[in-house]
Amino acid sequence: MATQFTRMLAGRNTAVVLASLGAGTLATGYLLTDSTAAAERRVLYPPSADFPDLRKHNNCMAASLTPAIYAHLRDKSTPNNWTLNQSIQTGVDNPGHPFIKTVGMVAGDEETYEVFSEIFDPVIKDRHNGYDPRTMKHPTDLDSSKITSGVFDERYVLSSRVRTGRSIRGLSLPPACSRAERREVERVAVMALSGLKGDLAGRYYSLGDMNEREQQQLIDEHFLFDKPVSPLLTSAGMARDWPDARGIWHNNQKNFLIWINEEDHTRIISMEKGGNMKRVFERFCRGLKQVEQLIHERGWEFMWNERLGYILTCPSNLGTGLRAGVHVRLPNLSKDPRFSKILENLRLQKRGTGGVDTAATGDTFDISNNDRLGKSEVELVQLVVDGVNYLIDCEKRLERGQDIKIPSPLAQFRR
Amino acid sequence: MVLTKDIYNKLRGKSTPSGFTVDDIIQTGVDNPGHPFIMTVGCVAGDEESYEVFKDLLDPIISDRHSGYKPTDKHRTDLNFENLKGGDDLDPAYVLSSRVRTGRSIKGFTLPPHNSRGERRTIEKLSIEALATLSGEFKGKYYPLNGMTDKEQDQLINDHFLFDKPVSPLLTCAGMARDWPDARGIWHNDAKTFLVWVNEEDHLRVISMQQGGNMKEVFRRFCTGLLKIEETFKKHNHGFMWNEHLGYVLTCPSNLGTGLRGGVHVKLPKLSTHAKFEEILTRLRLQKRGTGGVDTASVGGVFDISNADRLGSSEVDQVQMVVDGVKLMVAMEKKLEKSESIDDMIPAQK
């Protein structure tokens with residue numbers, strides 16, 4: 001059933017076939033001249049004429065894209081007709097971000113990572129600290145029972161959260177998908193989620209259909225996502241047709257939440273107030289496995305391979321796609337000049353409590369893992385657990401007037 | 001809304017030779033349900049062929065937008081400024097500035113929603129060459145957006161010449177801000193009365209303007225400069241996109257025909273609050289905007305008044321309507337200042 005649909009939804013390929021079948025001589029005429037026109041344009045405009053001006057740019061794409069690579073790849077396309085120009089548009093339009101070095105390119109479909117591997121592989125290596133997709137394998141491990149010391153001191157940790165993304169194999173990703181594909185993602189996801197039971201049983205709210213009361217409720221609970229305004233996302237075409245086929249699902253207990261068709265097909269979030277990261281991760285793993293089981297029953301699967309792990313829109317989210325984090329109070333540690341170095345060595349990052357596009361205000365920070373690819377889910381969550389425990393320990397020491405130590409840097413990848 | 005399931009089904013499998021599809025055409029309209037002040041078109045062309053391949057969708061839209069213009073109608077072009085009557089005597093106490101703008105697309109290139117960096121750069125190169133041949137009152141200089149000094153930038157902002165990266169979602173959703181500011185720039189003559197924008201919403205936007213009410217002079221300079229520029233492009237075998245049905249072909253269907261917006265900034269504090277103001281404008285075939293342009297409201301009783309029509313009447317016709325209409329409205333304003341009635345001055349529908 002899944003494969004039937006993917007064959008139907010071959011995007012422009014289908015359009016081309018349909019056009020030649022019966023849409024009249026005009027269309028057929030253009031079909032015949034289409035490839036001549038395209039060939040002419042390639043001669044008139046060699047890749048060098050189209051190479052973007054990246055002199056003022058500071059993103060991973062700009063750092064890796066050379067005229068030679070561009071020349072090899074410009075005229076290729078994925079089976080769904082996604083091109084390199086489309087992948088890099090967001091990086092060309094957005095030279096840099098104030099707080100983070102952005103990736104500067106996105107995938108339009110699963111095949112993007114293969115067809116354009118000549119640029120994606122070095123960008124992945126750059127972004128994921130030396131992970132080489134050509135030689136390394138990514139480990140997947142969703143066995144939450146392995147986590148130790150996963151309950152934090154709640155005088156410091158205000159909330160705990162784990163998120164990831166999942167893409168549905170056979171359907172294009174948010175930068176590229178048609179309205180039909182996006183609606184299919186919604187249909188598949190909502191159908192699967194309606195099969196969840198017990199503490200995971202919940203309800204779907206379509207962005208376009210929700211009433212004002214529901215909307216206000218979701219805003220108050222900090223669940224509602226809005227139309228993207230970040231040019232990083234809008235330049236990549238992810239806000240097209242908003243709010244068509246976008247929505248939010250959450251369980252009745254409001255601690256397991258799915259975003260549909262925002263920046264990825266699905267974003268899965270487990271969260272709760274307080275410091276019980278172990279329970280958050282346990283629910284996360286259990287929910288994910290059940291959703292996967294439910295879509296398998298209907299012939300669908302998640303995009304995954306052993307080279308890149310879970311396939312998502314942004315290369316920064318490959319591998320686990322996992323960000324595990326806490327909101328934690330660190331009034332003394334945050335003022336210590338060694339704070340950044342400590343975070344760096346623990347392979348953690350800080351953000352403001354408003355998320356990636358905010359600066360931290362006051363003493364409360366969002367602390368989460370830097371890495372996504374090359375380490376498993378269990379390894380990353382354990383890393384966050386150990387790291388946050390270390391930070392809390394530092395905070396307590398500073399409270400008592402004791403000194404703290406910068407920990408030695410953690411190893412990059414398992415051998 | 002013109003788009004029906006039938007039309008969509010028919011057009012969905014098609015594309016222009018350069019690969020523009022119906023989904024590309026309508027994306028901006030899907031993403032932007034409406035604008036606070038004007039009824040938007042919701043469609044853009046990606047190339048000259050768009051208007052042919054997607055005529056089932058675009059012809060009804062053109063008809064709707066351009067007062068019933070039919071697929072069989074022919075459009076008349078008249079850039080002979082001597083055909084304009086009057087226009088040199090609008091009262092400068094009321095008419096603060098006069099301006100005429102249009103757009104031009106260069107044949108053989110795709111349009112801003114669709115063009116590649118290579119095409120856009122070639123358009124810029126050709127434009128710079130063409131503009132460099134101008135002399136006399138048209139002698140001027142080109143400022144690429146991606147290379148101007150801070151001093152030049154400040155000057156251009158102070159002169160109100162500098163255009164910025166589009167922020168309006170009407171334009172960004174249509175892909176017109178891609179690769180900004182690559183191959184975008186501004187050219188103006190030394191006297192700062194004739195200005196060309198390169199690669200903003202159209203390949204070229206050509207603007208003639210000055211303080212005060214001498215629309216005749218503004219239009220003379222407009223026509224003269226435009227024809228000189230066209231000569232140079234033709235010499236390079238890149239004339240402007242034009243046909244006898246649609247006139248000048250531009251990105252937005254609202255700008256087909258003459259692509260001309262001729263207008264003034266005029267003080268009408270009393271008339272603008274009169275009950276019949278909107279009706280007067282409609283009858284005169286004029287539209288009002290705020291002095292910040294299409295996305296703004298009026299400030300201090302000063303309005304931007306310009307022609308509403310683009311297609312189906314010539315450049316001379318349209319500027320004539322502005323000249324005659326503004327003259328009448330200023331006379332009405334003066335009457336209202338003296339607390340006299342203007343009922344006998346209300347015009348018939350043009």
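How much area is buried between chain B and chain A, and what percentage of it do carbon and sulfur atoms give?

1. The buried area between chain B and chain A is about 2,400 Å², and carbon and sulfur atoms give 41% of it. Buried area here is the accessible area (1.4 Å probe) that two parts lose on being put together, summed over both. The structure is a predicted model, in which local features need pLDDT of at least 70 and side-chain atom pairs count only at pLDDT 80 or more, while totals for chains, interfaces and linings use all residues. Residues are numbered from 1 along each chain as its sequence is written, chains are lettered from A and ligands numbered from 1 in the order in which they are written, and side-chain values use heavy atoms, with hydrogens and water left out.

2. The contact (heavy atoms within 4.5 Å) takes 30 residues from chain A and 32 residues from chain B. Across this interface there are 16 residue pairs in polar contact, both residues at pLDDT 80 or more. A polar contact is a pair of N or O atoms within 3.5 Å; within protein, one must be able to donate a hydrogen and the other to accept it, and residues adjacent in sequence count only if both atoms are side-chain atoms.

3. On the side of chain B that touches chain A, α1 (5-12), α2 (22-31) and α5 (117-132) each supply at least two residues. The largest share, 6 residues, comes from α2(B). Helices (H or I, at least four residues) and strands (E, at least two) are DSSP runs, numbered from the N terminus. By class, this side of chain B has 13 charged, 11 polar and 8 nonpolar residues. Ala, Val, Leu, Ile, Met, Phe, Trp, Tyr, Cys and Pro count as nonpolar, Asp, Glu, Lys and Arg as charged, and the others, Gly among them, as polar.

4. The interface of chain B and chain A contains 2 salt bridges, where a side-chain nitrogen of Lys or Arg is within 4 Å of a carboxyl oxygen of Asp or Glu. E119(B) and R41(A) meet through their side chains in a salt bridge, at 3.4 Å from N to O.

5. Over all chains, the structure holds 61 salt bridges. In chain A, the side chains of K335(A) and D363(A) form a salt bridge with an N to O distance of 3.4 Å. This pair links distant parts of the chain, 28 residues apart: K335(A) is in the loop between β8 (323-329) and α14 (339-346), and D363(A) in the loop between β9 (348-351) and β10 (364-369).

6. One joins W242(A) and P243(A), with omega about 0 degrees; P243(A) is in the loop between α12 (231-234) and β3 (247-251) of chain A. Another runs from W180(B) to P181(B), with omega near 0 degrees; P181(B) lies in the loop between α7 (169-172) and β3 (185-189) of chain B.
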